[in-house]
Amino acid sequence: MYRFLLTPRWWGINVFAVLAIPLCIFMGSWQLSRFEDRVQSHQQQEDRSARAKAAAARPLERLLPVDTVTSGRQASARGRYDTAHQLLVPARTLKDKHGERQGFYVLDLLRTDGGKALPVVRGWLPGDAGAKADTAKVPAPPKGEVTVTGALQASENQGTDGVQAGGGLPRGQLGMISAASLVNIVPYEVYDAWITQTDPQSPLRAVPPAAAEGSGLDLKAFQNLGYTGEWFVFAGFVVFMWFRLFRRDAEAAKDAALGIVPEGEGGDDDGRGGVGVAVAASVSGGADRGDGRGAGPGAGRGEEQGEATRAGQA
């Protein structure tokens, strides 16, 4: 009954199922492991951030370049603020006990003793960076040589929340905190990193450090979880289709063994069976007629001879 499994068609179906099911299970397991790694790295990042807040600040040069280990660590740098290039970073959201509030960052460049400048986010203010009433509240940066301490952050990119990479901002505003965006604004080199000040001047509010890219429970992490479900669904679909095809062909083989032919498959392919049925029907139809007129031309001549005989007798 199951000899159909040895046909070339079923060889192809079986090979596809044998290859597709393990592949789907492997890809689903891999995506699940990616999600678990992100969860673990998120927990590690939170632990590092908690330790970094309590740990003593280290010199900036010892923490560069910024990676998942040094991101959020307390860094210190010494230098002078460039008061001629104070910048505002608009449309930045800060979460507090009252919820999310829209405002802007206040960013200044610290000219370090090493020659390069370090972008320093001195704090956050609510309001619009383009409104004079809101920008009038920004305090001037300290004068003279200062030591700045804050959480170290990697340069922002187009995928960072709040970034305005399209340009078109007014003079004195910056859409993305990065060395690449500052290279055409200031005439000196800038570190490929920035810090958010821990103790800002009033009325500025401290900006909490963000998790390192790829280490938090962001949209990409939940995409990995969604892909996990998709791959396992694909594996189940392959199994479902294999059993459905198998059941259909098994039922067809069972019907053939019992002599049950599906409707429409009893006649010859060239239509001769249909012609024979039509001829037989016409013959039987003529025989069933009792008046003899259905027998053709011979029946007509017999009627004429009978009428002539009756006339002679009369």
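Modeller: Trp-11 sits in helix H1, which covers residues 8-54 (helices here are DSSP runs of H or I with at least four residues, strands are E runs of at least two, and both are numbered from the N terminus). Before going on: the model is predicted, so local features need pLDDT of at least 70 and side-chain atom pairs pLDDT 80 or more, while totals for chains, interfaces and linings use all residues. Residues are numbered from 1 along each chain as its sequence is written, and side-chain values use heavy atoms, with hydrogens and water left out.

Trp-11 counts as exposed because its relative accessibility is 51% (buried is under 20%, exposed over 50%, partly exposed in between, with a 1.4 Å probe and protein chains only). Together with Leu-6, Val-15, Val-18 and Leu-19, Trp-11 makes a nonpolar surface patch of about 570 Å² accessible area. Patch members have over 30% relative accessible area and no salt bridge, with like charges joined within 9 Å and nonpolar side chains (Val, Leu, Ile, Met, Phe, Trp, Tyr) within 5 Å; the areas are Shrake-Rupley values with a 1.4 Å probe, and for residues only the protein chains shown count as cover.

Now for the charged side of the story. Arg-9 makes a salt bridge to Asp-249, with the closest N and O atoms 2.8 Å apart (the cut-off is a Lys or Arg side-chain nitrogen within 4 Å of an Asp or Glu carboxyl oxygen). That pair links distant parts of the chain, since Arg-9 is in helix H1 and Asp-249 in helix H5 (residues 219-257), 240 residues apart. Arg-9 is partly exposed because its relative accessibility is 41%, whereas Asp-249, at 14%, counts as buried.

In one, Arg-92 pairs with Glu-156, closest N and O atoms 2.9 Å apart. Arg-92 is in strand E3 (residues 87-96) and Glu-156 in the loop between strand E6 (145-154) and helix H4 (179-182), 64 residues away.
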